[in-house]
Amino acid sequence: MKHKVKKSQILFTTLGIIIGLFFIFPVIVMLVTSVKPDTEIFSVNLIPSAISFDGYLKIFTEYHFLKNIGNSLFVAVITTMLSLFMQSTSAYAFSRLHFRGKNVMFILVLSTMMIPFSVLMIPLFLVTKSLHLTNSLWGIIIPVAANGYGVYLLRQFFITIPRDLDESAFIDGASHFQIFYKVLLPLCKPILMTLGTSYFIFNWNNYLWPLIVTTSEELRLVQVAIAGFRAERQTLWNLTFAGTVVASVPIFLLFSYFQSYIVDGIKTSGMKG
């Protein structure tokens, strides 16, 4: 029996290593290619003959890449905070309060998850333009802050929390806001961390909507700036790979730090109706 267990462990370990290498290999190619000389970008040899950091120097000295990183950081942080605030308060209302039309409104919120962005793109741009938010970072932030998925997930999480906590707080004289902020919200830390991390990654990697809303080079987000390294007749691959490596660092650090919260959020996010 022990022999069979050991063989199965070796098999799954080997399979895990192979799958891990399959996912890590493109990252290794990206890192290596970013330091290759221009003449060896498309070389089949993985190891370059010489290491060149010209791509990294150019994106920071000849382009506004540091400004682009700051724009992406501002948009990702503000959008994440705004999204979590809006969705957590909405989820509290749908899970704890009683008002007319609550179920209908919740179904309408869920229906927004079924509409693809390609359908909303043009009307959303027209609304943004009518509010004079085009060619500004707030024009990127405000339209994407609302998200039905977060409302649904947080509502399901709030439902799993016993109402005895609310009643005890009401007896002590707490208001709805105090119950939400001091009682329920601290219990939602794992799921909030999970949602916050996913929202940050999504907004950091967002490309299409920022490309539509903004036209100024100084307002470009990092993904739009990387796409801008493609000229009319050629693609500056060394700059593209260098910019991709730099843009991947915040995501890697964020996920490494919050991975335990993400696991806890997935485990504790019950889907109780």
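At what angle do helix α8 and helix α9 pack, and how far apart are their axes? Before I answer, the ground rules. This is a predicted model, where local features need pLDDT of at least 70, side-chain atom pairs count only at pLDDT 80 or more, and totals for chains, interfaces and linings use all residues. Residues are numbered from 1 along each chain as its sequence is written, and side-chain values use heavy atoms, with hydrogens and water left out.

Helices here are DSSP runs of H or I with at least four residues, numbered from the N terminus. Axes are lines fitted to C-alpha atoms, for helices over the stretch in contact, and angles run from 0 to 180 degrees between N-to-C directions.

Now the answer. Helix α8, residues 164-171, packs against helix α9, residues 176-187, at about 140 degrees, and the axes are 10 Å apart. The pair α8 and α9 is therefore oblique; under 35 degrees would count as roughly parallel, over 145 as roughly antiparallel, 65 to 115 as roughly perpendicular, and the rest is oblique. Contact means heavy atoms within 4.5 Å. On the α8 side the contact is made by Leu165, Asp166, Ala169 and Phe170, and on the α9 side by His176, Ile179, Val183, Leu184 and Leu187.

Next, α9 and α10. Their angle is about 70 degrees and their axes are 5 Å apart, so α9 and α10 are roughly perpendicular. Leu185, Pro186 and Leu187 in α9 meet Lys189, Pro190 and Leu192 in α10.

Staying with α10, residues 189-204: at 1.5 Å a residue its 16 residues should span 22 Å, and the end C-alpha atoms are 22 Å apart, which agrees. The expected span is 1.5 Å times one less than the number of residues. Buried means under 20% relative accessible area, exposed over 50%, and partly exposed in between, with a 1.4 Å probe and protein chains only. Among the buried residues of α10 are Ile191, Leu195, Tyr199, Phe200 and Trp204.

Trp204 brings us to the cores. A nonpolar core is a set of buried Ala, Val, Leu, Ile, Met, Phe, Trp, Tyr and Cys residues joined through side-chain atoms within 4.5 Å. The largest one has 21 residues, of which Ile59, Phe65, Trp204 and Val222 touch the most other members. Helices α2, α3, α10, α12 and α13 each supply at least two residues of this core, and the largest share, eight residues, comes from α13. A second, separate core of 18 residues includes Phe158, Ile179, Phe180 and Tyr199.

Which residues does Val222 touch, not counting those up to four places away in sequence? Val222 touches Phe65, Asn68, Ile69, Ser72, Trp204 and Ala247.

Asn71 lies in helix α3 and counts as buried because its relative accessibility is 4%. Leaving aside neighbours within four places in sequence, Asn71 is in contact with Leu137, Glu218, Leu219, Arg220 and Leu221. Leu66 is also placed in helix α3, but at 61% relative accessibility Leu66 counts as exposed. Ile212, in helix α11, counts as partly exposed at 28%. Leaving aside neighbours within four places in sequence, Ile212 is in contact with Met121 and Phe125.
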